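Subject: Handing over a structure

Hello,

Here is the structure I promised to pass on. Please open it first, and then read my notes below.

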Amino acid sequence: MVPVGFICRGVPALEHSNLQHYYDLVVEGISTVFLALKRRPFIRYQQTSDIAKLIAQHTAKFMYEQERGLFDFERTDTLLLILDRRGDPFTPLLNQWTYQAMVHELIGIEDNKVDLRNIGKLPKDQQEVVLSSEQDAFFKAYMYENFGDLGINLKEMVDELQQTANSNLSIQTIEELARFVDNYPEFRKMHCNVSKHVTLVTEMSKIVEDRKLMLVSQTEQELACNEGQAAAFEALTNLINNDNVCDIDQLRSLMLYALRYEKEYPSRELIQLSHKLYSNTKKHKGGVMQLGHVHFLVRQACVHDHTWDLFRSRDLTNIAHNMGSGLKGVENVYTQHQPFINKIMESISKGQLNDSDYPFEGNHFQQGRPQDVVIFIVGGTTYAESRAVALFNSSNSWIRFILGGTTILNSERFLKDVEEGGGLMRASIHCGY
């Protein structure tokens, strides 16, 4: 897929030839998925997004006109829904607290590979590791688990393997887990998969502590589910005044605040917070934070682009109460953001997706509810949304959702797209089941 920023409303900065190339790449990627599925879908799109509409038009023309014979399949129970990242800019800005999403947010995943060469002295076989649910039973079992439960499960696995190594050591912390693996070369050789996960959890635990991400998440909780702007303003003020919180996390939180209260934009409070952050970052090496990105983001993701109000219901964020303590030094997640895509899937499964908000492309209208739905997000999708789709599929036997997007985002990539203003960057397509 072509990673374009969520801000590509028609991508006016691109020449016509590049625009056509962009559409061709996206349509080619989408079409490949449907050829594999042996389906010709009905197509719907987000009505408020010009680029979603254009991609829907190009895809429909390709499947129903140019290559009609190639897509002449009998099954008519499949839907393609094209969304715009601007419909939910909140999700890619949030800290992630489930395993797969957290690795991508804090370290990075590229083609199922994690580069660990910058971490420090690691064995050669641990400097680049593969995270694949098809090859790694532990990852498959716990890729969607929160960080605290992950630590507990990892400790249980190590406890079992300790018996194999005839070790009576008491392991209570992440650091002790890491030392145990280092001190038993035969353990590493026999159980390199466990060693990989110990390395990842150890590194992420350090990052969480160094960047004070639990504190940052408390502020995000205020922004996500507290209906009082005064409380959110106070929490964000404290975060920006905290020298132990890094600039980028303060900037992300400021963006969340701006999106949360965009109806009052630009408010006196937002201006005050922006000036404070500007003053802080101006002193730091590397120059001033691009606070103009905050205003650019809100303009591009303004409230009329949200088919539903993202913050209409407080169930957007659920509080996870399982504060396990089986592994000291690993804090369980206590905020769990639910991506907007959950509402989309729920509406589709109930046959209630609004025709005005998500119209059909052309004269092809689907009767009844689909059995297979491909949701394609222009501007990129996230592992948090991938998890939401997997969990929804596991609880619904009669409908299957497939998620695709123009790239796989973490907050760093999302902010880069905001900074660059979108456009053509890479030519690759990512679609996940």
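Which residues lie nearest the centre of the second largest cavity? They are Gln-96, Glu-105, Thr-382, Leu-409 and Asn-410, out of 13 residues that line this cavity.

Before going on, please note that this is a predicted model, in which local features need pLDDT of at least 70 and side-chain atom pairs count only at pLDDT 80 or more, while totals for chains, interfaces and linings use all residues. Residues are numbered from 1 along each chain as its sequence is written, and side-chain values use heavy atoms, with hydrogens and water left out.

**Cavities**

Rolling a probe the size of a water molecule over the atoms shows where empty space is left. A cavity here is a set of points, on a 1 Å grid over the protein atoms alone, where a 1.4 Å probe fits but cannot get out; lining residues have an atom within 4 Å of a point. Grid points are joined across faces, edges and corners, and a volume is the space filled by probe spheres set on the points. Searching the whole structure turns up 3 cavities of 30 Å³ or more.

The largest cavity holds about 110 Å³ of space. Its lining has 13 residues, with Leu-83, Asp-84, Gly-87, Asp-88 and Phe-340 nearest the centre. Strand S2 (78–84) and helix H14 (341–349) are the elements that give two or more residues to this lining. (Helices, H or I with at least four residues, and strands, E with at least two, are DSSP runs numbered from the N terminus.) By type, the lining of the largest cavity has 6 nonpolar, 3 polar and 4 charged residues. Ala, Val, Leu, Ile, Met, Phe, Trp, Tyr, Cys and Pro count as nonpolar, Asp, Glu, Lys and Arg as charged, and the others, Gly among them, as polar.

The second largest cavity has a volume of about 60 Å³. Helix H3 (99–106) and helix H15 (383–394) each supply at least two of its lining residues, and H3 gives the most, with 3 residues. This lining divides into 6 nonpolar, 6 polar and 1 charged.

Because 7 of the 7 residues of S2 are buried, the strand is largely enclosed by the rest of the structure. (Buried means under 20% relative accessible area, exposed over 50%, and partly exposed in between, with a 1.4 Å probe and protein chains only.) On one side sit Thr-78, Leu-80, Ile-82 and Asp-84, and on the other Leu-79, Leu-81 and Leu-83.

Strands pair if DSSP finds at least two bridges between them. S2 runs parallel to strand S1 (residues 42–45), joined by 4 bridges, and also pairs in the parallel sense with strand S7 (residues 372–378) over 7 bridges. Ile-82 stands opposite Tyr-45, and its bridge partner in S7 is Phe-376.

Ser-49, in the loop between S1 and H2, is buried, with a relative accessible area of 1%. Its side chain makes a polar contact of 2.6 Å with that of Asp-84. (A polar contact is a pair of N or O atoms within 3.5 Å; within protein, one must be able to donate a hydrogen and the other to accept it, and residues adjacent in sequence count only if both atoms are side-chain atoms.)

**Positive phi**

Most residues other than glycine have a negative phi. Asn-112, however, has a phi near 65 degrees, and lies in the loop between H3 and strand S3 (113–115).

Best wishes

Terms used: On a 1 Å grid over the protein atoms alone, a cavity is a set of points where a 1.4 Å probe fits but cannot get out, and a pocket is an open set with protein on both sides within 12 Å along at least five of seven lines; lining residues have an atom within 4 Å of a point.
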